[in-house]
Amino acid sequence: MRANRRADTKPEVVLRSALHRLGFRYRKDFRLDLGQMKVRPDIVFTARKVAVFVDGCFWHVCPEHGRQPTTNEWYWAPKLRRNIARDRAADDALVAAGWQVIRLWEHEDLADAVGVVTGVLSGGSEHVSDHMAK
């Protein structure tokens with residue numbers, strides 16, 4: 001599991017590059033201390049209090065592409081459930097602290113993902129916490 005990146009995954013870098021080209025400035029992998037919980041969104045717009053997560057289909061159990069592990073299921077199934085629980089707890093803590101949360105899947109179309117983020121940044125949506133599943 002050492003080879004699995006926590007930050008700077010390809011979908012995340014592509015989204016960041018597209019947002020940067022549009023003139024948006026942000027922090028990447030910026031730690032937010034929310035009382036008992038510490039959260040590291042992939043992209044953070046600190047002044048606008050918007051946190052963006054680009055979730056991997058396997059690690060966060062995408063309804064479209066996620067699959068149940070067939071080897072070492074006794075280890076992987078609880079781990080993936082904990083990942084989902086941690087995602088929900090992070091979302092709740094961020095919202096309670098006044099942040100807007102955007103969760104995107106790694107397989108989403110770049111133009112759609114950029115549209116969601118820019119829409120929230122321009123005030124088009126109050127809260128986008130659910131994964132955008134197509």
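In what follows, contact means heavy atoms within 4.5 Å. The structure is a predicted model, in which local features need pLDDT of at least 70 and side-chain atom pairs count only at pLDDT 80 or more, while totals for chains, interfaces and linings use all residues. Residues are numbered from 1 along each chain as its sequence is written, and side-chain values use heavy atoms, with hydrogens and water left out.

The chain contains 3 helices and 6 strands; helices (H or I, at least four residues) and strands (E, at least two) are DSSP runs numbered from the N terminus. Along the sequence they follow the pattern α-β-β-β-β-β-α-β-α. Of the 134 residues, 41% count as buried, where buried means under 20% relative accessible area, exposed over 50%, and partly exposed in between, with a 1.4 Å probe and protein chains only. Among the contacts in the chain with a separation of 6 or more, 61% are accounted for by residues 24 or more positions apart.

An open sheet of 4 strands has the order S1-S4-S5-S6, with mixed pairing; two strands pair if DSSP finds at least two bridges between them. S1 and S6 are the edge strands, each pairing on one side only. S1 pairs with S4 in the antiparallel sense over 2 bridges, and the bridge partner of Lys28 in S4 is Ile43. S4 and S5 also run antiparallel, joined by 3 bridges, with Phe45 opposite Val50 in S5. These two strands form a hairpin with 4 residues between them, and Lys49 in its turn has a positive phi of about 55 degrees.

The pairing of S5 with S6 is parallel and comprises 6 bridges; Val54 stands opposite Leu104 in S6. S5, helix H2 (residues 73–96) and S6 make a right-handed β-α-β unit. A crossover is right-handed if, with the strands pointing away from the viewer, the path from the first strand over the helix to the second runs clockwise.

How many of the 6 residues of S5 are buried? The count is 6 of the 6, so S5 is largely enclosed by the rest of the structure. Both of its faces are covered: Val50, Val52 and Val54 lie buried on one side, and Ala51, Phe53 and Asp55 on the other.

Helix H1 (residues 10–21) has 12 residues and reaches 17 Å from its first C-alpha to its last, close to the 16 Å expected at 1.5 Å a residue; the expected span is 1.5 Å times one less than the number of residues. Its buried residues are Glu12, Leu15, Arg16, Ala18 and Leu19. They cover an arc of only 165 degrees around the axis, which puts them on the same side of H1; the arc is that of the directions from the helix axis to the C-beta atoms. On the other side of H1, Lys10 and Arg21 are exposed. The cover over the buried residues of H1 includes strands S1 (27–28), S4 (43–45), S5 (50–55) and S6 (100–105), together with helix H3 (110–121). After H1 comes Gly23, whose phi is positive, near 100 degrees.

In soluble globular proteins, nonpolar side chains tend to be buried together. A nonpolar core is here a set of buried Ala, Val, Leu, Ile, Met, Phe, Trp, Tyr and Cys residues joined through side-chain atoms within 4.5 Å. The largest such core has 17 residues, and those with the most contacts inside it are Leu15, Leu19, Phe45, Val52, Ile102, Leu104 and Val117. H1, S4, S5, S6 and H3 each supply at least two of its residues, and the largest share, 6 residues, comes from H3. Apart from this core lies another, of 11 residues, among them Leu34, Ala93, Trp99 and Val101. Leaving aside neighbours within four places in sequence, Leu19 is in contact with Phe24, Tyr26, Ile43, Phe45, Val114, Val117 and Thr118.

Two further residues complete the account. His60, in the loop between S5 and H2, is buried with a relative accessible area of 15%. Not counting residues up to four places away in sequence, His60 touches Asp55, Ile84, Asp87 and Trp105. Arg103 has its place in strand S6 and is buried, with a relative accessible area of 1%. Arg103 and Asp42 are 61 residues apart in sequence and 9.9 Å apart in space, C-alpha to C-alpha.
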